[in-house]
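Hi,

Here is the structure I promised to hand over. Have a look at it, and then read on for what I found.

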Amino acid sequence: MTREIERVAGIPVVQIATIVPIMLTVGTNRIVPGVAIPHPTGNPALGPEGDKAVRRELLLRSFKALTTPVTEQTIFEK
Amino acid sequence: MTYRIVHYINQFYAGIGGEEMADHKPELREGYVGPGMQIEKLFNGEGKVVGTVICGDGYYGEHTDQARIECLELIKGLQPDILFAGPAFNAGRYGFACGDIAATVGEELNIPTVSAMYPENPGVELYSKKTYIAITTDSARGMAKAIPSMVSIGEKLLKREKMGPARLEGYIHRGIRKSFFHEKSGAERAVEMLLAKLKGEGFRTEYEMPVFNKIPPAAPVSDLSKATIALVSSGGIVPKGNPDHIRVSSAESFGAYDISELKNMTPENYESIHGGYDREWANVDPDVVLPLDVMRELEAEGVIGKIHPIFYTTTGTGTAVANAERFGKEIGEELKKAGVDAAILTST
């Protein structure tokens with residue numbers, strides 16, 4: 001789905017998810033590893049402020065991915 | 001009774017000419033022409049090529065609707081029991097024409113049809129499910145094997161004998177699976193396969209893995225502070241009550257919801273219906289799957305231009321690749337029309 005959106009719309013798409021090998025297999029070009037399968041964009045164990053801080057960091061990293069030119073599938077780990 | 005065989009070939013195999021005669025209009029000749037002789041021979045008296053329909057590859061490709069009707073009429077008039085088309089090997093226009101006429105005749109006249117092509121021939125992708133396509137090499141050097149292969153498949157179809165799996169019968173698989181009971185259990189077969197794999201011995205998968213295409217990455221966003229970013233998820237995050245009944249697994253559809261007034265995903269307005277992960281956290285705070293709350297903060301801070309008012313969502317687990325691709329295409333088209341600059345897609 002990620003790849004098709006990118007292909008058809010011609011826009012960068014960053015995918016946040018936990019299982020990186022799957023994203024690589026299905027052709028996602030900009031990958032941000034998520035926190036965990038049931039909560040990729042948060043960490044409730046850290047309490048409400050910790051959770052939000054994690055979310056913010058992931059989104060800022062996603063923005064970095066969206067504004068970085070890449071020539072092949074790239075994992076943005078930080 | 002002798003089977004009435006009709007053979008479809010192009011201008012080249014009919015000896016009319018090469019590329020310069022590719023616009024040859026549909027023509028009927030009595031009996032066999034060119035490779036059709038071998039077809040009749042292999043039927044050993046049980047079948048006769050009553051007529052050969054010849055059409056230029058260029059004519060069929062450029063005037064397909066007309067060529068199809070004209071060829072169908074000629075073929076129909078011969079009252080065939082079976083149609084053979086080709087072999088086309090790797091010739092693209094010829095393969096397209098063979099596949100098209102075979103599919104058409106099969107549907108309109110309800111008779112078996114057999115063609116023969118190299119697996120990469122574009123006619124394969126378009127028509128492999130609508131006819132039987134025998135596997136050939138990529139050039140006419142494979143003619144000696146191609147004709148017998150076509151004929152053996154054709155004979156089975158005529159005699160209504162049980163057709164075996166594609167790899168044994170020599171045709172390109174049509175995506176049809178027949179279930180049967182195996183003497184060994186799945187567990188035994190899986191372990192045997194694993195052992196063969198570990199030993200570096202050959203093994204054959206029982207189910208073909210899909211091949212995923214890769215695409216060159218899209219250009220980055222040039223000015224994030226002015227960019228419109230769309231949010232998409234395969235984590236099954238839907239408005240409370242799942243108004244469009246998106247499936248909990250093997251999704252057949254995706255939803256598009258207006259989030260322009262929403263600052264935050266809460267259990268009052270949204271929930272997760274995804275059948276493939278523990279929804280405990282998502283249903284306490286759906287932002288951990290669809291990060292709307294912090295996106296709104298970043299939007300207010302001017303880090304991004306704005307969040308696209310429509311949010312797209314579906315369930316990823318068990319969803320067929322073909323469906324996921326279709327969702328991606330449709331969503332991509334909507335985002336393109338709306339002038340969206342980028343997207344964030346979350347998955348569980």
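The buried residues of helix H3 of chain A are covered by, among others, strand E1 (13-17) and strand E2 (30-33) of chain A, together with helix H10 (292-300) and strand E13 (342-346) of chain B. Helices here are DSSP runs of H or I with at least four residues, strands are runs of E with at least two, and both are numbered from the N terminus. By "buried" I mean that 20 or more other C-beta atoms lie within 10 Å of the residue's own; with 12 or fewer a residue is exposed, in between it is partly exposed, and C-beta atoms are placed from the backbone. The buried residues of H3(A) are Asp51(A), Val54(A), Arg55(A), Leu58(A), Leu59(A), Ser62(A), Phe63(A), Ala65(A) and Leu66(A).

Before going further: this is a predicted model, where local features need pLDDT of at least 70 and side-chain atom pairs count only at pLDDT 80 or more, while totals for chains, interfaces and linings use all residues. Residues are numbered from 1 along each chain as its sequence is written, and chains are lettered from A and ligands numbered from 1 in the order in which they are written.

Back to H3(A), which covers residues 47-67.

As for chain A as a whole, it has three helices and three strands, in the order α-β-α-β-α-β along the sequence. Of its 78 residues, 49% count as buried.

Now the interface. Two residues are in contact if their C-beta atoms, placed from the backbone, lie within 7 Å. On that basis, 47 residues of chain B are in contact with 41 residues of chain A. On the chain B side, the elements giving two or more residues are helix H9 (280-284), H10, helix H11 (321-337) and E13. The largest share, ten residues, comes from H11(B). That side divides into 30 nonpolar, seven polar and ten charged residues. (Ala, Val, Leu, Ile, Met, Phe, Trp, Tyr, Cys and Pro count as nonpolar, Asp, Glu, Lys and Arg as charged, and the others, Gly among them, as polar.)

The chains also share strand pairing, which takes at least two DSSP bridges between two strands. E1(A) and E13(B) run parallel and are joined by four bridges. Ile16(A), for one, has Thr346(B) as its bridge partner in E13(B).

What about the nonpolar cores? Each is a set of buried Ala, Val, Leu, Ile, Met, Phe, Trp, Tyr and Cys residues joined through C-beta atoms within 7 Å. The largest has 54 residues, and those touching the most other members are Ile5(A), Ile11(A), Ile229(B), Leu231(B), Val232(B), Leu335(B) and Ala343(B). H3(A) gives the most to this core, with six residues. Not counting residues up to four places away in sequence, Leu335(B) touches Ile5(A), Ala9(A), Ile11(A), Ala230(B), Val340(B) and Ala343(B). A second, separate core of 53 residues includes Tyr13(B), Cys55(B), Ala97(B) and Val105(B).

Tyr312(B) sits in strand E12 (residues 310-313) of chain B and is buried, because 25 other C-beta atoms lie within 10 Å. Arg160(B), in the loop between helix H6 (143-158) and helix H7 (166-169) of chain B, counts as exposed, with 8 C-beta neighbours inside 10 Å.

Cheers

Notes: The expected span of a helix is 1.5 Å times one less than its number of residues.
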